[in-house]
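Me: Please take one part of this model and go through it closely. I want the cut-offs behind each term, and then the setting around that part.

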Amino acid sequence: MKYLKLQKIFIVLMFVLVYGFLIYQIPWKLVFSDTMIAGGDTGSHNYIAYYAQEIFPKIKWWSPDWYAGFPFLYFYPPLLYYITVILSFFIPLNIAFKLITLAGTFLLPLAIFLCLYLLDFKFPIPSIGALLSLSYLFLEEFSIYGGNIPSTLAGEFSYSCAFALFFIFIGLLIKGIKENKYLILNILILSLMVLIHPFPVMVSVLIGVILFIQSIIQKETKRVFWYLAKVFGLAFALTAFWSLPFLALLPYTSKMQWTKVIKLSEIFPSSLIIFQVLAVLGFLLALIKKEKRIIPFLYIIISSLIPFLVLNHSSIWNTRFLPFIIMGYLMLA
């Protein structure tokens with residue numbers, strides 16, 4: 001009993017340390033000033049928050065601005081903007097929007113803790129994982145791919161929020177399949193991701209495919225198939241009001257041609273070299289001990305590595321999957 005109390009005290013102190021450090025790094029005087037946020041693509045997102053307030057509670061509309069206008073929020077997930085609007089009933093819109101852009105940054109340490117906990121890693125591993133998630137948040141090797149603070153400040157705040165939810169979802173999905181539980185919670189988290197940002201959803205679908213293939217090998221095909229079908233099928237049904245028009249109207253969008261970028265300095269940043277070494281050692285140790293709990297980390301790496309290596313001259317930039325690869329091996333470390 002005394003040992004359990006010490007564990008709880010350690011966990012609380014760890015979260016105080018992590019969030020105390022994060023809070024210390026944020027210039028709150030600027031956050032709570034009624035000024036417009038900018039930096040990278042963020043400037044254009046201000047309009048979405050503003051016009052979402054103008055048409056609330058409608059979700060989609062035809063914006064009258066920018067030449068002859070454009071279809072508003074048909075092609076970008078709406079959820080964070082409408083949470084911003086709801087907050088704006090109580091505080092100025094500019095301040096509400098700034099707070100929402102920080103949501104993913106503050107959620108990630110908790111998400112990594114929950115993911116490791118749900119995957120049955122014992123104390124103190126989830127706490128260490130939450131603490132070391134700061135190494136990704138403050139990574140400065142890139143500033144647009146997503147998930148880290150520089151990317152968030154460049155306008156990728158929706159990605160950051162869905163990125164954090166992704167790790168909760170994967171931990172809960174694997175535990176849910178194992179125990180045949182958490183169906184409704186998995187559906188809700190996946191639905192939130194769909195309405196926030198698509199890239200974590202894409203990686204989730206690929207992991208779902210891998211889990212189904214695994215079930216064939218383990219001869220649990222029927223049970224796993226129906227669990228996955230319910231999670232992904234019902235999440236799609238809940239979000240179909242937005243996702244179906246999005247998919248149907250994709251042929252009418254502008255076609256971007258992103259050239260594949262693969263840089264070893266970005267995949268293996270020098271600032272994370274100690275964790276890269278630990279990841280290799282951890283993988284080898286897991287092989288020796290036949291430790292199966294690391295398998296989900298490998299699934300995350302494989303599922304994001306496929307589009308990262310394959311996509312080229314595509315409307316989806318391959319680098320947007322790099323954050324999942326890095327976080328995958330950080331968790332392995």
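Reply: D120 is partly exposed, at 22% relative accessibility (the class runs from 20% to 50% relative accessible area; under 20% is buried, over 50% exposed; 1.4 Å probe, protein chains only). The model is predicted, so local features need pLDDT of at least 70 and side-chain atom pairs need 80 or more, while totals for chains, interfaces and linings use all residues. Numbering starts at 1 along each chain as its sequence is written, and side-chain values use heavy atoms, without hydrogens and water.

Start with the partner. The side chain of D120 meets that of K175 in a salt bridge, 3.5 Å from N to O (the rule: a Lys or Arg side-chain nitrogen within 4 Å of an Asp or Glu carboxyl oxygen). Where do D120 and K175 lie? D120 sits in the loop between α6 and α7 (125-132), and K175 in helix α10, so the pair ties together parts that are 55 residues apart in sequence. Helices here are DSSP runs of H or I, at least four residues, numbered from the N terminus. D120 is partly exposed, whereas K175 is buried, with 14% relative accessible area.

K175 has a second contact. Its side chain also meets E179 in a salt bridge, at 2.8 Å from N to O. Both K175 and E179 belong to helix α10, four residues apart, about one turn of the helix. An α-helix has 3.6 residues a turn, so residues three or four places apart point the same way. E179 is partly exposed, at 32% relative accessible area.

Now the helices on either side. The axes of α6 (residues 103-118) and α10 (residues 157-179) come within 8 Å and cross at roughly 10°. That makes α6 roughly parallel to α10 (under 35 degrees). K175 lies in α10, while D120 lies in the loop between α6 and α7.

E220 is partly exposed, with a relative accessible area of 31%. R223 is partly exposed too, at 32%.

How many residues of helix α18 (residues 322-332) are buried? Eleven of its eleven residues are, so the helix is mostly covered. Among them are L322, P323, F324, I325, I326 and M327. G328, Y329, L330, M331 and L332 are buried as well.

Helix α14 (residues 240-249) holds L244. L244 counts as partly exposed, at 45% relative accessibility. L244 and Y74 are 170 residues apart in sequence, yet their C-alpha atoms are 9.9 Å apart in space. Finally, I274 lies in helix α16 (residues 273-289). At 48% relative accessibility, I274 counts as partly exposed.

Terms used
Helices (H or I, at least four residues) and strands (E, at least two) are DSSP runs, numbered from the N terminus. Axes are lines fitted to C-alpha atoms, for helices over the stretch in contact, and angles run from 0 to 180 degrees between N-to-C directions. Angles under 35 degrees count as roughly parallel, over 145 as roughly antiparallel, 65 to 115 as roughly perpendicular and the rest as oblique.
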